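Keep the sequence and the structure side by side.

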Amino acid sequence: MRLSYNKLWKLLIDRGMKKGELRDLANISQSTMAKLSHDENVTSDILAKICAVLGCDIGDIATVVVDEKNEN
């Protein structure tokens, strides 16, 4: 399983916010933004910072994707 952050990018578009603005407001690094862009793991603290800035819940910015090859 992995997380997809497609909902985050759609939310930013809907709000007219650039990734750089989010990065600055949430006080997160460029490397963390790159991880998010590539659906890589980030800490729950990072996700909480993003949610605080956007006034949303984690479910509003991420979805769980089940990898078929890893299913039992």
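A search of the whole structure finds 0 aromatic pairs. Such a pair would need ring centres of Phe, Tyr or Trp (its six-membered ring) within 6.5 Å, with planes under 30 degrees apart counted as stacked, over 60 as edge-to-face and the rest as tilted. A ring does have a charge over it, however: Lys19 lies over the face of Trp9, at 4.3 Å from the ring centre. The term requires NZ of Lys or CZ of Arg within 6 Å of the ring centre and within 35 degrees of the ring normal.

A word on the basis of these values. This is a predicted model, in which local features need pLDDT of at least 70 and side-chain atom pairs count only at pLDDT 80 or more, while totals for chains, interfaces and linings use all residues. Residues are numbered from 1 along each chain as its sequence is written, and side-chain values use heavy atoms, with hydrogens and water left out.

Now turn to the helices. Two packed helices are described by the angle between their axes and the distance between the axes. Helix H2 covers residues 19-26, and helix H4 covers residues 44-54. Helices here are DSSP runs (H or I, at least four residues), strands are runs of E (at least two), and both are numbered from the N terminus. The axes of H2 and H4 come within 9 Å and cross at roughly 105°. Each axis is a line fitted to C-alpha atoms, for helices over the stretch in contact, and angles run from 0 to 180 degrees between N-to-C directions. H2 and H4 are therefore roughly perpendicular to each other. That label covers 65 to 115 degrees; under 35 is roughly parallel, over 145 roughly antiparallel, and the rest oblique.

Which residues of H2 and H4 meet? From H2 come Leu22, Leu25 and Ala26; from H4 come Lys49, Ile50, Val53 and Leu54. Contact means heavy atoms within 4.5 Å. The residues of this contact divide into 6 nonpolar, no polar and 1 charged. Nonpolar covers Ala, Val, Leu, Ile, Met, Phe, Trp, Tyr, Cys and Pro; charged covers Asp, Glu, Lys and Arg; the others, Gly among them, are polar.

Is Ala26 buried or exposed? Ala26 is buried, with a relative accessible area of 5%. Buried means under 20% relative accessible area, exposed over 50%, and partly exposed in between (1.4 Å probe, protein chains only). Not counting residues up to four places away in sequence, Ala26 touches Lys49, Ile50 and Val53. The C-alpha atoms of Ala26 and Ala48 are separated by 9.3 Å, with the two residues 22 apart along the chain. Glu21 is also placed in helix H2. At 38% relative accessibility, Glu21 counts as partly exposed.

Next come the loops. Asn27 lies between H2 and helix H3 (30-37). Asn27 has a positive phi of about 55° although it is not a glycine. With 61% relative accessibility, Asn27 is exposed. Gln30, in helix H3, is exposed too, at 58%. The C-alpha atoms of Gln30 and Lys19 are 9.7 Å apart.

Asp39 sits in the loop between H3 and H4. Asp39 also has a positive phi of about 55°, and it is not a glycine. Asp39 is partly exposed, at 21%.

Finally, find Gly59 in the loop between H4 and strand S2 (63-65). Gly59 is partly exposed, with a relative accessible area of 32%. Gly59 and Leu8 are 51 residues apart along the chain, and their C-alpha atoms are separated by 9.5 Å.
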